[in-house]
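Reader: I'm new to reading protein models. Can we go through this one together?

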Amino acid sequence: MPETAIADTCFLIDWARYRRRDILFELFSTVFVPEQVLDEVVSEETIEWIANSLAKRKLSLYVAPSSIADEALKIIDVMASLTWTRRVELPEAICLAIGKKHGYTVLTENRGALQAVEILTEYSGVKAMRAIDVLAEAISTSKITVLSREEVKSILSEYEKDTKHRFPKGDVKEIIERVISRGGNKEEVGEA
């Protein structure tokens, strides 16, 4: 059974524009959206996709108790006190706190949230995935079929074109190698 995820604003805004966005629901049994994330969404396209997905029960609303909000404020304060780190905003911090409490995968593009998982010891067990990681998982689990390395690049380029979100070249190379080493679509990917 696929795992449960919680998505932040930046992830959902991009993902709503992606032509293969329903792949998300094949990878995760439930994708929660905190109410604080909904408060930030202003794009009609994103609002419409979230509303339709909520209506179809593909996305689920997460109403955070005060203990989660308190935990999120601590994350914000700690990250702000480390002057060399990126800031974490409340919706992303809420996702991290929920991810830690319930073991949910945090879907984010927020560099501050990704840094928090790397540097805050109490969050080191939280699994955070960017869109590029979700795409790699979709390819590795054959939710998206590829026949060559070029097609892996093409899938990543397709996402970039749809969302206007650019992946760093080093990440693209690393993801291609990760997909191949995991064995997802291995016989199709080959050494092209």
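Reader: Are Phe32 and Tyr104 buried or exposed?

Author: Phe32 is buried, and Tyr104 is too; buried means under 20% relative accessible area, using a 1.4 Å probe and protein chains only. Keep in mind that this is a predicted model, where local features need pLDDT of at least 70, side-chain atom pairs count only at pLDDT 80 or more, and totals for chains, interfaces and linings use all residues. Residues are numbered from 1 along each chain, and side-chain values use heavy atoms, leaving out hydrogens and water.

Reader: Why is the pair of Phe32 and Tyr104 called stacked?

Author: Rings of Phe, Tyr and Trp (its six-membered ring) pair if their centres lie within 6.5 Å, and planes under 30 degrees apart count as stacked. Here the centres are 5.4 Å apart and the planes sit at 15°, so Phe32 and Tyr104 are stacked. The same rule gives 8 aromatic pairs.

Reader: What makes Thr105 count as buried?

Author: Its relative accessibility is 0%, so Thr105 counts as buried.

Reader: How do you know that the side chain of Thr105 makes a polar contact with the side chain of Glu3?

Author: A polar contact needs N or O atoms within 3.5 Å, one able to donate a hydrogen and the other to accept it. For Thr105 and Glu3 the value is 2.3 Å.

Reader: What makes Lys100 lie over the face of Tyr123?

Author: NZ of Lys must be within 6 Å of the ring centre and within 35 degrees of the ring normal. Lys100 lies over the face of Tyr123, at 4.9 Å from the ring centre.

Terms used:
Phe/Tyr/Trp six-rings, centres within 6.5 Å; stacked < 30°, edge-to-face > 60°. Buried < 20%, exposed > 50% of the residue type's maximum accessible area, 1.4 Å probe, protein only.
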